[in-house]
Amino acid sequence: MDLYPLYNSIRIALLSTAIVFFLGIFAAYYIAKIPRILKGILDVVLTLPLVLPPTVVGFLLLRVAGPKHPVGAFFLQHFGIRLTMTWYAAILSTAAVIFPLMYRTARGAFESFDETLADAGKTLGKSGTWIFWRVRMPVCRSEILAGMVLSFARALGEYGATSMVAGYTPGRTATISTTVYQLWRTDNEALAYRWVLLNLAISAVVLLFVNFMEKRQERQRWR
């Protein structure tokens, strides 16, 4: 049993989760401060990948990052980097799919934050950056951590956009989800079941961790 799909899936999930962690927090924090109408428009745009079929997200990414399209051609000509049909192309597609999960979780956490804590920091002469990392983030850490873990779980099982942007090449771009499809397509159901069970086990562990964090947060609120 070739374990490359497992290694590649975890690598892609970790890197894409790290990217959306910072982008999601940044977007959630600053969009909360802008006027309501503009906030509503940006919120719809940033959340669209959550409701669009992943194949549609993949198609749109191909229209931008393909070697004959603006961004893809620029990177290929100036840096020699191909943004499609490579293992790291899956980071782009996966990050696009899971970004709304991190963004909406962080936004909800920031909206429930007690702003009097930030005001208290300001009266003590603390900078906005200090307040953000030393006050706001610690208070919201449980929700943000849960969003990050859910984003990782979703990234680990992403198929639609990844199959279009990165394709399936054994030992190069194969992930657990694309491998399961290829094994099913070639009637190798026995091996496909192994990958399905492995994915189920990983997902179950992730969800148990999220439930643990939620219960811990509830206990802290009642103290």
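In which crossing, left-handed or right-handed, does H6 pass H7? The crossing of H6 past H7 is right-handed. The model is predicted. The protein has 10 helices and zero strands.

**Overall picture**

- Read along the sequence, the pattern is α-α-α-α-α-α-α-α-α-α.
- The C-alpha trace spans about 65 × 45 × 30 Å along its principal axes.
- The protein has 223 residues, and buried residues make up 39% of them.
- Take the contacts between residues at least 6 apart in sequence: 72% of them join residues at least 24 apart.

**Helices H6 and H7**

- H6 covers residues 115-123, and H7 covers residues 128-156.
- The two helices pack at an angle of about 160°, and their axes lie 10 Å apart.
- H6 is therefore roughly antiparallel to H7, as angles over 145 degrees count as such.
- On the H6 side, the contact is made by Glu115, Leu117, Ala118, Gly121 and Lys122.
- On the H7 side, the contact is made by Ile131, Val135, Arg136 and Val139.
- By type, the residues of this contact are five nonpolar, one polar and three charged.

**Helices H2 and H5**

- H2 covers residues 36-51, and H5 covers residues 89-111.
- Their axes come within 6 Å and cross at roughly 135°.
- That angle makes H2 oblique to H5.
- H2 passes H5 in a left-handed crossing.
- From H2, the residues that meet H5 are Lys39, Asp43, Leu46, Thr47, Pro49 and Leu50.
- From H5, the partners are Ala96, Val97, Phe99, Pro100, Leu101, Tyr103, Arg104, Arg107 and Glu111.
- The residues of the contact of H2 with H5 divide into nine nonpolar, one polar and five charged.

- Threonine 178 is found in helix H9, which runs over residues 176-185.
- Threonine 178 has a relative accessible area of 2%, so it counts as buried.
- Setting aside neighbours within four places in sequence, threonine 178 is in contact with Tyr159, Ser163, Gly167, Tyr168 and Thr173.

**The loop between H4 and H5**

- Glycine 80 has its place in the loop between helix H4 (70-79) and H5.
- The relative accessible area of glycine 80 is 57%, so this residue is exposed.
- Glycine 80 and glycine 40 are 40 residues apart along the chain. Their C-alpha atoms are separated by 38 Å.
- Methionine 85 is also found in the loop between H4 and H5.
- Phi of methionine 85 is near 60°, a positive value in a residue other than glycine.
- Methionine 85 counts as partly exposed because its relative accessibility is 38%.

**The loop between H9 and H10**

- Aspartate 187 is found in the loop between H9 and helix H10 (189-222).
- Aspartate 187 is not a glycine, yet it has a positive phi of about 65°.
- With a relative accessible area of 67%, aspartate 187 is exposed.

How values were computed
Residues are numbered from 1 along each chain as its sequence is written. This is a predicted model: local features need pLDDT of at least 70, side-chain atom pairs count only at pLDDT 80 or more; totals for chains, interfaces and linings use all residues. Side-chain values use heavy atoms; hydrogens and water are left out. Axes are lines fitted to C-alpha atoms, for helices over the stretch in contact, and angles run from 0 to 180 degrees between N-to-C directions. Helices (H or I, at least four residues) and strands (E, at least two) are DSSP runs, numbered from the N terminus. Angles under 35 degrees count as roughly parallel, over 145 as roughly antiparallel, 65 to 115 as roughly perpendicular and the rest as oblique. A crossing is left-handed if the near helix is turned anticlockwise from the far one by less than a right angle, and right-handed if clockwise. Contact means heavy atoms within 4.5 Å. Ala, Val, Leu, Ile, Met, Phe, Trp, Tyr, Cys and Pro count as nonpolar, Asp, Glu, Lys and Arg as charged, and the others, Gly among them, as polar. Buried means under 20% relative accessible area, exposed over 50%, partly exposed in between (1.4 Å probe, protein chains only).
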